[in-house]
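Please examine the sequence and the model shown below. The paragraphs that follow lead through selected parts of the structure.

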Amino acid sequence: KLMKALPQVYEGFDILTNKVPRHARERVQHHLMGTISPSRVDYSVRDYVIGAKEVLQDFQRRQVIPIFAGGSAAYLQSLMIGFEGDNVHGPIPGILPDYHYQIIWIVRSRDVLRKVIMDRLGTFVESGIVEDARELIKIHGTDERRGICRAIGFKEMMPFLLGSPTAKQGPIWEECVEKTRTSTWVYAKKQQSWMYNQLAPCVRHFPNVEFHVLDRDHEISVNDMVDILLRRQCARTSSMANSDLARDAYDKIQTTAKQDLTERFCDVCKVGFRGVVAYDLHVKSRGHRRQLQKQRRRAAKLSETVRTFKDKIEHDS
């Protein structure tokens, strides 16, 4: 696996950077995780792309299929599309033409997602975030704009840490915890928006990209979906796992793939789409919502004009 979340590249501070538990990392090797000194402040998305491409070249030599997991879709998009050159750095080509991609976007309703985040944060806050933040202050001081200090939780816990209390209680503690919850929820919504408005529109038209939207509460588990897609990636065959669940899941994916060939047209934006998933992503995008709001305002204004005109005619008569 290759991680794609910037704070997790830094060594240590596992709670603050929300790393995968150590026992899970021992079972599956996670690349680009914990490889950068926490004292470094200039690590960027560009550095991530360079490092990821080096790992992918090694994977190609060993015929290993990479899995990008977690974090922000912006890093995957930057890796796929690449960077243009500037006065300091030369261009970095993307890897989009070099692979066949299976992108699985696991979605949940906002209410369910918010509850999951709040529940996880309860454990997150109590399991060592304060201790991590205190150690980080020894390296960077209180500047939350640099390097690993941009991880959610450091800035939010600062009033509690500067007050030097020992007990995790009281109004300052509660306020810091609430700020951490709010920042995490805002970031989660930004991740969803990026998928809707940036990554999906950017890659969905490429023939070597398959975009799957998976409802987390669906009867097909995430592990089953990943297993099926990896088998398709490797063998391009219908020889799936022997379980009835896997066969049913494969049939549903095949059915979705056939349905996805349907041409759809958005009457609001006057644009066509090839596929159900592409169309569904469009109608949830920010651009579509803006056009819909404009259309409704125009309709309301026209209705008001007609009503005023009728009233004037009645009054004159």
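Which residue's side chain is joined to that of Lys19 by a polar contact of 3.0 Å? In this predicted model, the partner is Thr17. Lys19 itself is located in the loop that runs between strand S1 (2–3) and helix H1 (22–27). Its relative accessible area is 8%, under the 20% limit, and Lys19 is therefore buried. A polar atom of the Lys19 side chain also lies 2.8 Å from the backbone oxygen of Tyr10. Leaving aside residues up to four places away in sequence, Lys19 touches several others, among them Gln8, Glu11, Phe13, Asp14, Arg25 and Met33.

Tyr10 and Tyr43 make an edge-to-face pair, with 6.5 Å from centre to centre and 65° between the planes. Tyr10 is in the loop between S1 and H1, while Tyr43 is in the loop between H1 and H2, so the pair ties together parts that are 33 residues apart in sequence. Tyr10 is buried at 1% relative accessibility, and Tyr43 is buried at 7%. Another edge-to-face pair consists of Tyr99 and Tyr101, at 6.2 Å centre to centre and 65° between the planes. Here Tyr99 is partly exposed, at 22%, whereas Tyr101 is buried, at 10%.

Confidence remains to be considered. The mean pLDDT of the protein is 76, and 78% of its residues reach 70 or more. Helix H2 (residues 45–62) has the highest confidence, at 89, and helix H9 (residues 244–259) the lowest, at a mean of 46. Over residues 236–247 the pLDDT is below 50, although this stretch has 19 contacts in the model beyond near neighbours in sequence. Where pLDDT is low, predicted coordinates should not be read in detail.

Terms used
Residues are numbered from 1 along each chain as its sequence is written. This is a predicted model: local features need pLDDT of at least 70, side-chain atom pairs count only at pLDDT 80 or more; totals for chains, interfaces and linings use all residues. Side-chain values use heavy atoms; hydrogens and water are left out. Helices (H or I, at least four residues) and strands (E, at least two) are DSSP runs, numbered from the N terminus. Buried means under 20% relative accessible area, exposed over 50%, partly exposed in between (1.4 Å probe, protein chains only). A polar contact is a pair of N or O atoms within 3.5 Å; within protein, one must be able to donate a hydrogen and the other to accept it, and residues adjacent in sequence count only if both atoms are side-chain atoms. Contact means heavy atoms within 4.5 Å. pLDDT is the predictor's confidence in each residue, from 0 to 100. Rings of Phe, Tyr and Trp (its six-membered ring) pair if their centres lie within 6.5 Å; planes under 30 degrees apart count as stacked, over 60 as edge-to-face and the rest as tilted.
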